[in-house]
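I opened the file and went through the chain step by step. These are my entries.

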Amino acid sequence: MSNQLHSINEEESSYSFAVMLNNWKQLIPYLLEQWKLILGIAVLGALAGLGYAWYKPITYTARLTFVVEDSKSAGGGLASVLAGQLGMDIGGLTGGSGVLQGDNVLELLKSKSLLKKALLSASDSSSKNSLADVYANSYEWKKKWLKSSKLGSPIQFGVGVRKFSRTEDSLLQVIMKRIIEKELSIAKPDKKLGIFALEITTRNEAVSQQLCERLLQVTTDFYVDTKTKRLKGNVDRLQHRVDSLGRILNIKTYSAANANRQLLDGNPAFTAPEVSAEISSRDKLVQSTVFGELTKNLEASKTVLIQETPTVQVVDQPELPLKENKLKWWMGLLAGAAIGGFMGILYLLNTAPKRK
């Protein structure tokens, strides 16, 4: 029974395919009769494609490649030993499961907070306009915002401003959304290598270049500060203790010298000068020993900090002139003609009279 059903299905499928081919063959003469209509629609499509290529804005792509060198375990043991002697724990910093390891740096470049910080940087050293202002002007958004009945006032994104009004913040969110979704590209060209590629495409050549460079700089600062925050805090505390003990040791040095001078000029019948000189010398020796150990630990901690500090090295920077993205007129013409012709054929196929 199953074999019979299988053979019937094969016959039906082959029959349907044959019928479909036969119907197409019958429609070919009809399509040839309507060649003028198809040609007219193709010409209209070609003109539309030509117009699209002509009016489509030119965009500029800035490409930046960089590598991240991150020491994951070289200084962990030494840092833990030094911190243990001082009653501090930095084991979590040098562990192998940090949130900023591997390809996570790619997600940092897409962070809205870091992108916002880059957009609010100055467009150049002599301008009060931020990159967000120049970006909005490039897309003529500020003119539209000024004509809007809901706004009606100029919008300015101040350099380094942290708090904006609700309206300004919402417009800045629109800019960031467009950049992240349509104009920002982050990739790893070769999975086996540690080279990352950052691309930003906008309508303004200077904005593409500056935003690409500053986004990487902001991300690098955040990346390095986060990776070394705890270890740098320990180094700063050690430095503070060394400085304080150094000042106290200087005072003790003067005190010991004064006690020794009084010992030379003192009356041998009295033991107070000798005791004072002995105490001063002993305190100076103890503090000198502690100062030496702290200084040694401080220098070792600084060495560990250097070893644990990741390095983000730029390989290729975006240089002017940037790559232009412009649809060539002949490509728009051919694409429009092909699409128009195809749409015309589909229309005729759907409206073709049925033939027996």
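Entry 1, the whole chain. I counted the secondary structure of the protein chain: 11 helices and five strands. I kept in mind that this is a predicted model. Of the 356 residues in the chain, 33% are buried. I then looked at contacts with a separation of 6 or more; residues 24 or more positions apart account for 78% of them. The accessible surface comes to about 22,800 Å². Carbon and sulfur atoms hold 58% of that surface.

I looked up where Thr65 sits and found it in strand S1, residues 59-69. Is Thr65 buried or exposed? Its relative accessibility is 8%, under the 20% limit, so I noted Thr65 as buried. Next I listed its contacts, leaving aside neighbours within four places in sequence. Thr65 touches Ile195, Phe196 and Ala197, and also Val314, Val315 and Asp316.

I searched the surface for nonpolar patches. One of about 590 Å² is made by Trp35, Leu39, Val43, Leu44, Leu47 and Leu50. I picked Leu47, which lies in helix H2. Leu47 has a relative accessible area of 53%, and exposed means over 50%, so Leu47 counts as exposed. H2 covers 35-55, and Lys56 lies in the loop between H2 and S1. Lys56 is at 31% relative accessibility, so I put it down as partly exposed. I also found Lys56 in a surface patch of positive charge. Lys144, Arg203 and Lys326 gather there with it.

I checked residues 131-138, which form H6. Which residues of H6 are buried? I noted Leu131, Ala132, Asp133, Tyr135 and Ala136. After H6 comes Glu140, and I read its phi as positive, near 60°.

Val290 has 39% relative accessibility, which lies between the 20% and 50% limits, so Val290 counts as partly exposed. I then took the spacing from Val290 to Leu245. The two are 45 residues apart along the chain, and their C-alpha atoms are separated by 8.5 Å.

Methods
Residues are numbered from 1 along each chain as its sequence is written. This is a predicted model: local features need pLDDT of at least 70, side-chain atom pairs count only at pLDDT 80 or more; totals for chains, interfaces and linings use all residues. Side-chain values use heavy atoms; hydrogens and water are left out. Helices (H or I, at least four residues) and strands (E, at least two) are DSSP runs, numbered from the N terminus. Buried means under 20% relative accessible area, exposed over 50%, partly exposed in between (1.4 Å probe, protein chains only). Contact means heavy atoms within 4.5 Å. Patches are made of residues with over 30% relative accessible area and no salt bridge: like charges are joined within 9 Å, nonpolar side chains (Val, Leu, Ile, Met, Phe, Trp, Tyr) within 5 Å. Accessible areas come from the Shrake-Rupley method with a 1.4 Å probe; for residues, only the protein chains shown count as cover. A salt bridge is a side-chain nitrogen of Lys or Arg within 4 Å of a carboxyl oxygen of Asp or Glu. Lys and Arg count as positive and Asp and Glu as negative; His and the chain ends are not counted. The place of a charge is taken as NZ of Lys, CZ of Arg, CG of Asp or CD of Glu.
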